[in-house]
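Visitor: I would like to learn how to read a model of this kind, feature by feature. Could you take me through it, giving the general idea before each case?

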Amino acid sequence: MRELVRPVVAGNWKMHKTISEARQLAAEIVSQAPALTMASIILIPPFTAIQEVKKTVGDSGILVGGQNLFWEEEGAFTGEISAHQLKEAGCDFVIIGHSERRQYFGETDETVSQKVLAARRHGLIPIVCVGENLEERKSGKTLKKIKVQLENSLFSLAEEEFKMVILAYEPIWAIGTGQNATPEQAEEVHGYIRQLIADRYSQDLSSCAIILYGGSVKPANSFSLIKEKDINGFLVGGASLSAESFLSIVKEANRVNEG
Ligand code: PEP
């Protein structure tokens, strides 16, 4: 994806923040972010706060996303939210297939695939998460798992649509655990994903693809991760809940653009 300024740093607020808390956090981020113009910042609040966050970021250039969607257009699907509803609330992005959704809510590569199509029908950019669990890593099955996830959830997309997808490599064992993948571990998978994209689509598309890393990203580890050539930014959970730590990550990520 060529248009988004890199690095891309997205904050997944998960099931945190009321509307007023979300407004306050977004306002703090907006007020301190102008100096950080060389990164794309995406705030991903819970559904209830999307509209308020969108209003708060205004024309600052900060972008807004949702954490999930359902693939149907509308109907009797209690508790679900559609791509169209997200779009109207102010989203340009949506996380799909986060490991917490897969683990607690039964999402599969097949449902991820349907959700990606629904997001694209409404012009949303999906941020699709893939990653292995600890057992898979320990038994040397990491790359195989990633390949299967990509093949089953994304690789049937036409090139024009795949271009509009952001990928996030999120090793499950690193999410919310304080234990991040080392830069070498992350780069191995990011490079592999890029190779798979080149094999399936083209070298050109592969080098344009945005691949984020997620899993216990903190200000202290973000520069060493972003220095890796195939890491284009971060999907941040816990550390995105305070303006100070989130913006420190943005600042660290931005260092790749400095001289
Ligand atoms: C996430 O939820 O996508 C995530 C990476 O969380 P954390 O940064 O807290 O590990």
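This is a predicted model: local features need pLDDT of at least 70, side-chain atom pairs count only at pLDDT 80 or more; totals for chains, interfaces and linings use all residues.

Visitor: How many of the residues count as buried?

Guide: A residue is called buried under 20% relative accessible area, exposed over 50%, and partly exposed in between, with a 1.4 Å probe and protein chains only. Of the 259 residues of the protein, 53% count as buried.

Visitor: Which residues have the most contacts inside the largest nonpolar core?

Guide: A nonpolar core is a set of buried Ala, Val, Leu, Ile, Met, Phe, Trp, Tyr and Cys residues joined through side-chain atoms within 4.5 Å. The largest one has 67 residues, and those with the most contacts inside it are Leu43, Leu154, Ile193, Tyr213 and Phe234. Its largest share, six residues, comes from helix α12 (residues 243-254), helices (H or I, at least four residues) and strands (E, at least two) being DSSP runs numbered from the N terminus. A second, separate core of 15 residues includes Val8, Ile42, Ile95 and Ala168.

Visitor: Where do the buried residues of α12 pack?

Guide: Contact means heavy atoms within 4.5 Å. The buried residues of α12, among them Phe246, Ile249 and Ala253, pack against β1 (8-12), α1 (19-32), β2 (40-44), α11 (219-226) and β8 (233-236). Phe234 touches Ile249 and Ala253 as well as, among others, Val9 and Tyr213, residues up to four places away in sequence not being counted.

Visitor: Is Lys87 buried, exposed or partly exposed, and what does Lys87 touch?

Guide: Lys87 has its place in helix α3 (residues 83-89) and is partly exposed because its relative accessible area is 31%. Leaving out residues up to four places away in sequence, Lys87 touches Asp92, His122, Gly123 and Leu124. Between Lys87 and Lys251 there are 29 Å in space, C-alpha to C-alpha, and the two are 164 residues apart in sequence.

How values were computed. Residues are numbered from 1 along each chain as its sequence is written. Side-chain values use heavy atoms; hydrogens and water are left out.
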